[in-house]
Amino acid sequence: MNLTPGPQSMSLPVEAGESAHVRATGVTVSRGSRRVLDDVSVTVSARSRVAVVGENGRGKTTLLHVLAGLITPDDGTVHRAGTIGLARQELSARDGETVGTLTSEALAASLAALRALDEATLAVTEGDPTAGDRYAAALDAATRLDAWDAERRVDVALEALGACTDRDRSLATLSVGQRYRVRLACLLGARHDVLLLDEPTNHLDAGGLDFLTRRLREHDGGLAVVSHDRALLRDVANRFLDLDPTRDGKPRLYAGGYDAWQDARRRERERWEQDHEEQQAEHRRLRDAVSKARDRLSTGWRPDKGTGKHQRQSRAPGVVQALNRQRDALEEHRIDVPEPPPVLRWPDLDVRPGAPHVRAHGVAVGGRLAGPVGLALDGGDRLLVTGPNGAGKSTLLAVLAGALEPADGHVWTAKGARVARITQETAEQDPALTARDVYTRHVGRLVAAGALRDADAVPLGSLGLLGSDAMRTPVGRMSQGQRRRLDLALALAGRPGLILLDEPTNHLSSALVDELTVAIRDTSAAVVVATHDRQLLRDLADWPRLELPGPHP
């Protein structure tokens, strides 16, 4: 999370109140030859609750960075009034930074307001005739920020999110999730006129999600959020800016809540698909008509020797005219409805029900998974793994995948069993390689190791996860969501019989999460899901559940 001040942020914040806003008009951003945002307009004003949605790689994060002032658009304008707090999706820790560094940044505006108030109060008591206006401005700023309560708010947020409260702790010694929670707590503890949040639910457990939702609903300023968390979008958003491709290539702004957006989007998609199919069908009909006219011309213009020759030749001019008419009609017919974007096409994994895959006997990992945990996973099995942060959900999945040796107990994996695991964060890949190159190399390694026959590999393009442009894009230039899609494709490449999914909805669009939910419910493979995603937990509520206890204090 970076706390990004608006242009009015100085030593003493300037009042914005109901006039606070961020307004983008006709924003366009390009990356090389690719247009990331095209003529996007949106206003986030006081009390706005805007969800920025769309498939991965559509520019959602880029738009938030444009609104915050981190990116200057190639075209269009952005106007800001008031202070802005930005929660970034990607995090880094600079040398020497501590938890206290972040809390001090979050409290800076409130502390500045209190210092200004103290100085103005002293000036008034000393009879300074100019101090009255300064005192009024300082009191107004401190009141608007509720500066007297700022430090308590940060402490409450740190505690509620399960974040580190040790101000001297170096950020470099914290995990990605721990750093994320500290920065989110600082953002929620500070008072900003406009909040811009990029995937704020990542790394939060059930308690943290409830706290975040409550604070966002209570926020009396503007809010724009990019999130895969469908429950959060249902709870806080009342307008949806959808950056997904449309028939005219323009983004859509939908009024109403989550269901209204989904209904409108579904109707538009159905009309789009129907119109595209009708145009394709008409094009095929015209092409067939040209082919038939050409055949008639061939039969009439070059008749066989014998009777009827002159009769067929006399008909040839009419056949030629008919062919020309059909050709003209085909030339004039244009397919102006673009092809709708693909949807997830889950491969047939052909796993025999009940086929043994993995057995875990009394496994535990010191300091990471209390245990002992025992379970059996066979073809077609389903399992939800839940528990608070630190309970060991990710550790258990790593043990089941064979990526981590347990300190106690043991794991048996059936001979020839194909086990795929998707971790919480995107896997590290050579940033210079394209997605297609990464996929091809991965399949090659599986084949070389004897884990997969080349003929059994799932073609990347058949999955509907990455478009042709994304497959040609170097991994280093892909968005978090696109890399997450690549992770899913890599997991499916080897036709696994057991799929281990650790927070599978992280960084994915809500539309793809819906498709993924249907796929993992229907697949013949065994599936284990570890998640805090509230909507996914509701959708999979009928699955067996393994609840891991929280770590000992």
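Figure 1. Strand S10, covering residues 356-365, and strand S11, covering residues 369-378, run antiparallel and are joined by six bridges. In this predicted model, Pro 356 has Asp 378 in S11 as its bridge partner. Three residues lie between the two strands of the hairpin, in which Gly 367 adopts a positive phi near 75 degrees.

**Figure 2. Open sheet formed by strands S2, S1 and S4.** The three strands follow the order S2-S1-S4 and pair in the antiparallel sense, giving an open sheet. Strand S2 (34-45) and S4 are found at the edges, where each has a single partner strand, so that one side of each has no neighbour in the sheet. From one strand to the next, the twist averages 15 degrees. Eight bridges connect strand S1, residues 21-31, with S2 in an antiparallel pairing, and within this pairing the bridge partner of Val 29 is Leu 37 in S2. Helix H1 packs on the sheet and touches S1, S2 and S4, while the direction of H1 makes about 125 degrees with that of S1.

Figure 3. A distance of 9.6 Å separates the C-alpha atom of Gly 69 from that of Ile 84, a residue 15 residues apart from Gly 69 along the chain.

Figure 4. The structure contains three aromatic pairs. In one of them, the ring centres of Phe 240 and Tyr 258 are 6.1 Å apart and the ring planes stand at 75 degrees, so this pair is edge-to-face. The pair links distant parts of the chain, with Phe 240 in strand S8 (residues 239-242) and Tyr 258 in helix H8 (residues 258-301), 18 residues apart. Phe 240 is buried at a relative accessible area of 0%, and Tyr 258 likewise counts as buried, at 5% relative accessibility. Tyr 258 also forms an edge-to-face aromatic pair with Trp 261, for which the distance is 5.4 Å centre to centre and the angle between the planes is 80 degrees. These two residues of helix H8, Tyr 258 and Trp 261, are three residues apart and therefore separated by about one helical turn; both are buried. Phe 240, Tyr 258 and Trp 261 together form one aromatic cluster.

Figure 5. Thr 426 is located in the loop between strand S14 (419-422) and helix H11 (435-448). Its relative accessible area is 16%, so Thr 426 is buried. When neighbours within four places in sequence are left aside, Thr 426 is in contact with Gln 480, Arg 483, Arg 484 and Asp 487.

**Figure 6. Confidence along the predicted chain.** The pLDDT of the chain averages 86, and 89% of the residues score at least 70. Confidence is highest in strand S16 (residues 526-530), at a mean of 97, and lowest in helix H9 (residues 309-332), at a mean of 63. Residues 1-13 have a pLDDT below 50, although this stretch has 46 contacts in the model beyond near neighbours in sequence. Where pLDDT is low, the predicted coordinates should not be read in detail.

Definitions and conventions
Residues numbered from 1 in each chain as written. Predicted model: local features only at pLDDT ≥ 70, side-chain atom pairs only at ≥ 80, totals over all residues. Heavy atoms only, no water. Pairing = 2+ DSSP bridges. Helix = DSSP H or I, 4+ residues; strand = E, 2+ residues; numbered from the N terminus. Buried < 20%, exposed > 50% of the residue type's maximum accessible area, 1.4 Å probe, protein only. Contact = heavy atoms within 4.5 Å. pLDDT = per-residue confidence, 0-100. Phe/Tyr/Trp six-rings, centres within 6.5 Å; stacked < 30°, edge-to-face > 60°. Axes fitted to C-alpha atoms, helices over the stretch in contact; angles between N-to-C directions.
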